[in-house]
Amino acid sequence: MRYAQGGGLTDAGRATRERIRLQAVERFEGGQKNREIAAALRVSERSVARWRRAWRQRGEAGVLSKGSPGRPRLSDAQIARLERELERGPLVHGWADQRWTLARIKTLIGRLFHVSYTVESTWWLLRRHGWSWQQSARRAIERDDQAVEGLEEGDLAAGKSTAAACDGWIVFEDEAGQSMTPPRARSWGRRGRTPVVCVRGRGSGRVSMAGLSCYKPGKRSRMFYSVREYRGRKGEPKGIGWRDLRDLLVRAHIQLGGPIVLVWDNLRMHLVEPLREFIADHADWLTVFQLPSYSPDLNPQEGIWSLVKRDIGNLAAADLGQIARAVKRRLKQIQYRPELVDGCLVGVDLIMDG
């Protein structure tokens with residue numbers, strides 16, 4: 001049988017089905033047994049038995065199909081109502097962020113019309129009515145368009161050699177932050193009309209994060225992190241400080257149980273005198289290499305932040321605590337999935353080869 005997009009039979013498929021049933025009726029009238037008819041028409045005996053019962057009760061008309069229901073259909077009025085509800089946004093319908101996914105739209109159709117759609121049928125329904133998968137836009141956004149300079153793999157060869165010589169870990173460090181304004185994420189919207197995400201104008205504060213991505217050939221990759229909330233209170237640290245980095249390195253050293261070859265960027269905080277003294281005092285297990293300026297693509301920890309912010313995309317947070325909880329939950333999940341940490345590694349052959 002030939003099926004149309006979305007699950008229904010094509011016209012050719014329906015014609016083939018009717019021809020098979022008519023042949024079955026002729027064989028019923030000829031006195032053939034169900035097994036013989038099923039073998040000749042290449043259908044199941046169960047179907048032949050069902051057709052024979054219908055033939056005895058209503059004749060040929062009872063055998064002929066009334067048409068497959070195919071995928072569920074929505075009327076024009078229902079389609080119009082569905083589009084209005086989609087334009088209101090997921091937040092109105094109980095979802096925390098503002099992303100329309102196929103699974104959510106499928107659920108919404110069931111709630112509104114008590115009709116069960118598959119994810120695939122939902123996709124075809126949206127495409128037929130002018131909806132597409134798009135990157136959302138915000139009314140207010142700040143972008144950093146600084147150029148990113150590449151780095152040849154050979155520039156980190158010294159770090160690899162040092163780690164191999166001391167049987168240590170190569171550790172990439174980086175910081176990130178998240179305000180009340182959520183990252184953008186893709187959402188379904190009408191074709192030609194970019195979805196608009198409404199963000200809260202009130203509220204302030206910031207969630208600061210520091211993370212370590214740790215790699216060693218033959219060992220499971222590890223990731224450590226530190227999270228700090230800043231709510232604008234008097235005397236409260238505004239973000240991750242050098243003491244937080246120091247404590248994070250000490251914790252990583254204890255849990256890794258070996259020397260650390262630290263690779264990080266030229267952030268001013270990395271060059272403060274107390275931190276430089278700490279590095280000098282612990283040269284027996286800590287060696288530091290600097291990345292060139294504007295080279296985030298060479299730091300695997302940037303990939304970790306991307307995974308975290310993807311998870312909170314379009315999140316309409318009620319307060320800073322909700323953002324902090326979402327960030328910590330995602331970081332904890334990544335800690336227990338070393339394959340995600342490996343997937344963020346840049347220059348696998350450079351670092352992981354013996």
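I began with a definition: a salt bridge is a side-chain nitrogen of Lys or Arg within 4 Å of a carboxyl oxygen of Asp or Glu. The model is predicted, so I kept its limits in view: local features need pLDDT of at least 70, side-chain atom pairs count only at pLDDT 80 or more, and totals for chains, interfaces and linings use all residues. Residues are numbered from 1 along each chain as its sequence is written, and side-chain values use heavy atoms, with hydrogens and water left out.

**Entry: Arg-52**

I looked up Arg-52 in helix 3 (residues 45-58). Helices (H or I, at least four residues) and strands (E, at least two) are DSSP runs, numbered from the N terminus. Is Arg-52 buried or exposed? Arg-52 is buried but has no salt bridge. Buried means under 20% relative accessible area, exposed over 50%, partly exposed in between (1.4 Å probe, protein chains only). Glu-36 is the nearest side chain of opposite charge, 7.8 Å away. For charge, Lys and Arg count as positive, Asp and Glu as negative; His and the chain ends are not counted. I then listed contacts (heavy atoms within 4.5 Å). Leaving out residues up to four places away in sequence, Arg-52 touches Phe-28, Gln-32, Lys-33, Asn-34 and Ile-37.

**Entry: two positive phi values**

Arg-42 has phi near 60°, a positive value in a residue other than glycine. I found Arg-42 in the loop between helix 2 (34-41) and helix 3. Arg-42 counts as exposed because its relative accessibility is 79%.

Asn-314 also is a residue other than glycine with a positive phi, near 65°. Asn-314 sits in the loop between helix 11 and helix 12. Asn-314 has a relative accessible area of 1%, so it is buried.

**Entry: nonpolar cores**

A nonpolar core is a set of buried Ala, Val, Leu, Ile, Met, Phe, Trp, Tyr and Cys residues joined through side-chain atoms within 4.5 Å. How many residues does the largest have? I found 30. Those with the most contacts inside this core include Met-209, Ile-304 and Leu-331. Elements giving two or more residues to this core include strand 6 (206-215), helix 11 (300-311) and helix 12 (320-335). Helix 12 gives the largest share, 7 residues. Apart from this core lies another, of 21 residues, with Cys-214 and Trp-285 among them.

I also checked Met-209. Not counting residues up to four places away in sequence, Met-209 touches Trp-305, Val-327 and Leu-331, among others.
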